[in-house]
Amino acid sequence: MSDIHGNREALTACLEHAAQNGVGRYVFLGDYAGYGADPGWVIDTVMAQVQRGAVALLGNHDAAVLADDVAMNDAAAAAIAWTRTQLDDRQRAFIAGLPLTVEDDDRLYVHASAFEPGEWHYVTELYSAAKSLMATQAHATFCGHTHVPALFHVSMTGKFASFDPVARVEIPLTRQRRWLAVIGSVGQPRDRDPAACYAVLDDERDVLSYVRVPYDIDGAARKIRAAGLPAVLSARLFEGY
Amino acid sequence: MDVQHLEAGQVIDGFVLEKPLDPGGMASFWRVSRPGSDLPMVMKIPLMRRGEDPITIVGFEVEGMILARLTGPHVPRFVATGDFERPYIVMEFIAGRSVRTLLERTPLPPAEVAEIGVKIAFALHDLHRQHVIHLDLKPSNVILRDDGEAVLIDFGLSRHDQLPDLVAEEFDDPVGTGPYIAPEQVLRERGDPRSDIFALGVILYFLATGERPFGEPHRAAEWRRRLWRDPPPPRRWNEKVPPWLQEVILRCLEIDPARRYASAAQLAFDLQHPDQVPLTERATRSHRDGFLTVALRRLRAPKRGPLRPRSVSGLLARAPIIMVALDLAPDAENLREALADAVRRVLATEPEARLACVNVRKTSLMGLDPTADEHGRNPHLQRLVELKHWARALPVAPARITYHVIEGVDPASVLIDYARNTRIDHIVIGARGSSPMRRLLGSVSAKVVAEASCTVTVVRTRDVSSSAKAV
């Protein structure tokens with residue numbers, strides 16, 4: 001799961017959906033805070049999952065909460081400034097201890113590109129995907145950051161290609177090539193589908209499925225407005241953009 | 001794995017090699033067994049060394065990916081794949097003969113060509129419904145099971161419309177088999193199920209005439225010719241090919257996919273109803289198109305395929321076969337009007353639909369029914385006339401509508417069997433009001449709803465008198 005962005009309603013729906021579908025282990029790819037109205041609750045929930053064995057990574061919005069200066073657009077910067085007032089020391093300490101990358105068997109988890117992970121490069125098309133794929137030897141890399149689900153791969157002959165994943169379809173991550181899966185966003189999807197997005201890897205069969213989960217957008221949007229955050233942050237949840 | 005030095009008795013991941021089979025172009029095949037399993041199995045092992053031949057490597061990757069998610073009687077059942085270091089695919093061994101073995105006997109009689117065509121078309125339709133286009137259909141890739149059904153094999157060049165197209169991404173040149181490749185595949189379009197219908201048209205042409213419509217071009221540069229050059233009409237080779245079969249074959253071989261059958265099921269439907277095939281100029285064509293037509297087509301031939309791939313399921317959804325079951329009894333007039341309204345609504349949303357108007361003539365159990373009425377006419381004639389009269393105002397082109405009177409003792413079973421045998425997608429049927437007799441015997445529509453394997457719409461008329469009574 002990636003890019004939850006303080007959206008309690010979306011994370012709750014995704015965790016329930018995952019539990020019902022036999023997910024045994026969670027990886028959170030970062031960006032717990034920013035944009036949404038429940039950053040504290042989201043971080044507490046992720047902390048509890050980490051205690052039960054989940055992996056959690058650092059995202060650029062999480063790093064920004066701890067940083068002094070922020071290079072972001074106005075709405076995002078306003079959300080970061082507000083988020084700083086919402087987190088307690090324990091939550092800040094948790095963020096401060098998060099890693100940029102985690103290697104797990106032959107998989108790599110990272111918030112943005114595997115190429116210079118701390119620079120937060122977006123993986124949006126073939127060129128940026130190729131840079132990320134060339135920066136690692138991992139059989140499969142899982143990242144977020146763009147809020148748009150996508151799948152890239154490179155064959156043994158060095159051909160790079162992209163694919164728009166179809167929800168609920170199991171995609172075999174064949175051993176003959178290497179893969180880069182960009183997981184969509186739980187809390188603020190931007191691919192014109194407002195449903196929360198996450199992905200499930202069946203590591204025994206090596207198949208990946210992208211999942212869409214409808215959630216209470218009204219509730220999440222109402223809280224964003226009540227917190228006095230920029231109106232665009234609530235409106236875009238309904239558009240999924 | 002060293003393919004050259006495999007021996008009978010050797011065990012690979014629990015599979016015991018029994019005996020080698022005839023090798024294919026890019027793989028060797030072994031009959032294998034596994035303790036505890038009765039399924040006859042074959043292991044396909046690619047003839048490659050690592051990094052050597054991209055088409056073999058990618059083809060193997062694709063076949064493992066696609067076969068693993070196909071089901072049903074028209075594909076070999078998938079069992080297992082090996083890993084990267086030791087690649088293989090284990091699948092069901094199909095007892096039967098390849099369509100290639102029939103080529104020695106060509107030309108085959110039209111009825112046999114149609115029968116084989118129906119089988120392959122049903123297998124294709126089943127494949128297309130599972131989101132897969134074969135894209136390398138040819139006689140050696142179709143096995144006729146000993147029990148009759150066609151089984152498609154070798155999915156190394158296939159495409160699943162919900163999975164990455166690894167073949168398209170690996171190769172800049174078109175891939176396929178020279179005699180069978182469709183014109184749009186030459187332009188590297190790999191998203192159209194009608195490409196398989198073209199290849200099936202080549203097979204039918206071959207079976208009916210003993211000749212290949214486009215010869216045996218091996219170089220991809222020669223494949224481009226079929227973007228403008230039409231094949232000689234089958235009757236040029238074999239005058240015993242009836243006009244309806246020439247019509248069907250040439251329609252499959254149209255250069256523009258939009259002029260071919262919209263689905264393999266619609267093709268099978270025509271092959272199952274030779275007397276109902278709508279004949280066009282294709283049926284009696286005696287020569288190839290003239291120089292000018294061909295030259296113009298060549299000038300206008302597209303240089304490349306569409307940028308965005310089509311969706312297999314989207315194309316199929318536009319081209320269903322709809323069956324309307326009509327009761328011709330005099331007191332069912334209102335119901336027939338309601339059925340016409342319902343059919344109009346269904347057709348409005350499905351532009352490439354075909355409509356089959358069906359009436360069941362109930363026969364007695366003893367089979368002593370007269371074969372002609374008191375005026376000596378075919379007893380079906382009047383019913384066919386009435387079906388056509390009913391359908392005259394429907395918004396459907398004459399070439400997309402057919403009329404059928406079927407006999408049977410139990411009308412519901414007759415309708416259900418017919419729908420299954422012709423791959424009907426949607427049945428529209430009327431339900432008559434309830435009566436003591438109907439409650440006792442059960443209604444036809446209720447049985448069709450309960451037992452048909454497709455969508456069923458039941459149409460009723462408002463019973464004015466009974467609703468008035470309720471007030």
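What percentage of the 241 residues in chain A do buried residues make up? Buried residues, those with 20 or more other C-beta atoms (placed from the backbone) within 10 Å of their own, account for 45%. The model is predicted, so local features require pLDDT of at least 70 and side-chain atom pairs count only at pLDDT 80 or more, while totals for chains, interfaces and linings use all residues. Residues are numbered from 1 along each chain as its sequence is written, with chains lettered from A and ligands numbered from 1 in the order of writing.

Chain A contains 8 helices and 11 strands, taken as DSSP runs numbered from the N terminus (helices H or I, at least four residues; strands E, at least two). Its radius of gyration over C-alpha atoms is 17 Å, close to the 18 Å of the globule rule for 241 residues, so chain A is as compact as a globular protein of that length; the rule is 2.2 Å times the number of residues to the power 0.38. Of the contacts in chain A with a separation of 6 or more, 70% join residues 24 or more positions apart, a contact being two C-beta atoms, placed from the backbone, within 7 Å.

Where chain B meets chain A, the contact takes 13 residues from chain B and 15 residues from chain A. On the side of chain B, helix 1 (54-67) and helix 3 (166-170) each supply at least two residues, and helix 1 of chain B gives the most, with 5 residues.

Elsewhere in chain B, 9 of the 10 residues of helix 8 (residues 243-252) are buried, so this helix is largely enclosed by the rest of the structure. Among the buried residues are W244(B) and C252(B). The covering elements include helix 2 (110-129) and helix 5 (194-209) of chain B.

Notes:
Buried ≥ 20, exposed ≤ 12 C-beta atoms within 10 Å, placed from the backbone.
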